[in-house]
Each structure stands twice: as structure tokens, then as C-alpha cells.
Amino acid sequence: LQLMAEQVAAIIKLRLSRVEVNHEFSALVMVKQKLQFQRDLMEAILDNEPEGVCILGADGRFQQINMAGLEMLEAATLGQAAQQLPIDYVLPEFRDCFGRMLDQVRSGRHAIEEYRVLGLRGTVRWLESHAAPLHDETGSVASLILITRDVTAIKETHQHLELAARVFSDAQEGIIITDPANVIVDVNPAFCAITGYAREEIIGQTPRILHSGVQGPDFYVALWKVLSATGHWKGEIWNRKKNGELYAELISISALRNEQGEAVNYIGLFLDITEIKRQQGEMPAAPPA
């Protein structure tokens, strides 16, 4: 009986151990499945992230990169992208700043840098990267993560705006911009030089402040009729400067319209042709100011 009792106890203990093992195994399977789900979810998020995400080793080599990052480098896979170092994609004139960014992150700090890259298919892009360190369990920088966006369109727009601003400020022709109600919203330096009005004096006024009286109301009615119908008008106008002096201008007026076809601004570009008119003997009698 004693022997049988010991055998039964051993069997029960063995069965309990098996139950515990099975329970622990099931728990491990669930943990593994949960980790795999989280990994798949993270990879799905990264692959659908519009910004490029890549992880570099401390040596500056690719360890991981998402689809957006691959597209910026014009690579199909991580293996194809990793055939050269990240800095090799950077144009030579930007490699010093790119290298300084990596060095800053290796020292444990965050960094932001703009630079240009040459893709594998020959496309040049402007990129902006926000780089940060990733630490291991000892606190050392084990790798670097770069969140990168393509800022080529922003750069090109900025350059176009800078060019437009330079044309506006440096043009020898007078430029006047009004809103749909024909209220002046901006003028360039040439306008001020021709008319004698300071920019601060003219903003908020209407072009009527320049009217000389040489042209009658019918002239302006016809002008607006053509401008409204075609979006453009070009001709000669006699206007009056701030000091009361008459001057002749050859002016071209254009309507800027939105997608609905509504005028949102009017732009006038004019040349002072007073001297030409004087030489031709076409100076009118000055109406009362």
C-alpha cells in the first residue's frame, strides 16, 4: 500500500508537471504570437509611412529602411540600397554636413539637416532628415534612426518665390497689385520712384488716386469691360504723380483668377513714357488737380 501510494503520488506529480509545462508552453506561444503581431503591425506602419524611416548602424551602414526611404533612393530592396553607404547617395557638396549630422547623433544628440541626394536612377532630390540615437541596454549608442522627408517641391517653390520677389523688387517697370475690389495691396520700388508715393501711402488706396482727369469716365468703363471679358487690357494712360505732375504710362493689366474663374487680384505693369510723348509733342493740357 505504501508503494502504491508513492506511485500514485509520483503519477499525480508528473501529470501536474506536464500541465504546468503545457501551460508555460501555451503562454510562450501566445507571447510569440503577440510579438509577431506587433512586429507585423510595426512593419505595416513603417511601409505605409509617407516619410522615409531608416536605421543605420554605428558604422553608418543601412540596417533597415522602409518603402518610402527606398523610393527616395530609387532602390527596390534593402539589399540594393545597402550596396553603397548612405553618405554615398549624398551629393559631394553636402557630405560634410551629412557626416556632421551622423557624428552628432553618435555622440547621443538629435540633429536635423537638409541635403541633396542622387538616386540610383539618376534623380536628384532635396531631403530633410531628423536623426536620433538608439541606445542599447548599457546606454551606449547602438544605432541611428533617420526620419526623412522629400522637400524637393518645397525647395523649388521657395526658389520660385525668391525669384518672383527679386523680379518684383528689381524690375524697372512699375508694378501695382490690387484685390478684387481694386484696392491696392502692394507696389514695387519702381512704382514709388515713378509716382512719388511711398509704399505706406499707397497701400489701401485705389488707383483713382493717380487719375489725372485727362481720360474721362467712358475710358475707364471701356477698360473694365475689356478686362472683365478677356482678363487683359493694354494701352496708354495719363496719370498724375504725388506732386501733381502729369506722366504718361504704357500699362498692361491682367486679372488673376481662381479655379472658379473669379478674379482674386489685378496686376498692372507699366513704363513711364512721358519723355517719348514730350518729344512727339503729345503733352496734354493739364486738367485741374
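Two strands count as paired if DSSP finds at least two bridges between them. In this predicted model, strand β1 (residues 52-57) and strand β5 (residues 141-150) are joined by 6 bridges and run antiparallel. Cys54 has Leu146 of β5 as its bridge partner. Cys54 is also among the residues nearest the centre of the largest cavity.

**Sheet**

- An open sheet is formed by 5 strands, in the order β2-β1-β5-β4-β3, with antiparallel pairing.
- The edges are taken by β2 (62-65) and β3 (111-118); each has a single partner strand, so one side of each is left without a neighbour in the sheet.
- On average, neighbouring strands of this sheet are turned by 30° against each other, direction ignored.
- Helix α6 (residues 152-170) packs on the sheet and touches β3, β4 (124-135) and β5.
- The direction of α6 makes about 130° with that of β4.

**Largest cavity**

- The count comes to 1 cavity of 30 Å³ or more.
- The largest cavity holds about 170 Å³ of space.
- Its lining consists of 19 residues, and those nearest the centre are Cys54, Phe62, Leu73, Tyr115 and Thr148.
- At least two lining residues of the largest cavity come from each of β1, β2, α2 (67-73), α4 (86-89), β3, β4 and β5.
- With 4 residues, β1 provides the largest share of this lining.
- By residue class, the lining of the largest cavity has 15 nonpolar, 4 polar and no charged residues.
- The strands β1, β2, β3, β4 and β5 that contribute to this lining are the strands named in the sheet order above.

**Largest pocket**

- The space in the largest pocket is about 390 Å³.
- There are 21 residues in the lining of the largest pocket, and Asn182, Pro207, His211, Trp224 and Ile253 lie nearest its centre.
- Each of β6 (174-178), α9 (217-230), β8 (232-240), β9 (246-257) and β10 (263-272) supplies at least two residues of the lining of the largest pocket.
- The lining of the largest pocket comprises 14 nonpolar, 5 polar and 2 charged residues.

Definitions and conventions: Residues numbered from 1 in each chain as written. Predicted model: local features only at pLDDT ≥ 70, side-chain atom pairs only at ≥ 80, totals over all residues. Heavy atoms only, no water. Axes fitted to C-alpha atoms, helices over the stretch in contact; angles between N-to-C directions. Contact = heavy atoms within 4.5 Å. 1 Å grid on protein atoms, 1.4 Å probe; cavity = no way out; pocket = protein on both sides within 12 Å on 5 of 7 lines; lining within 4 Å. Points joined across faces, edges and corners; volume = space filled by probe spheres on them. Nonpolar A, V, L, I, M, F, W, Y, C, P; charged D, E, K, R; others polar.
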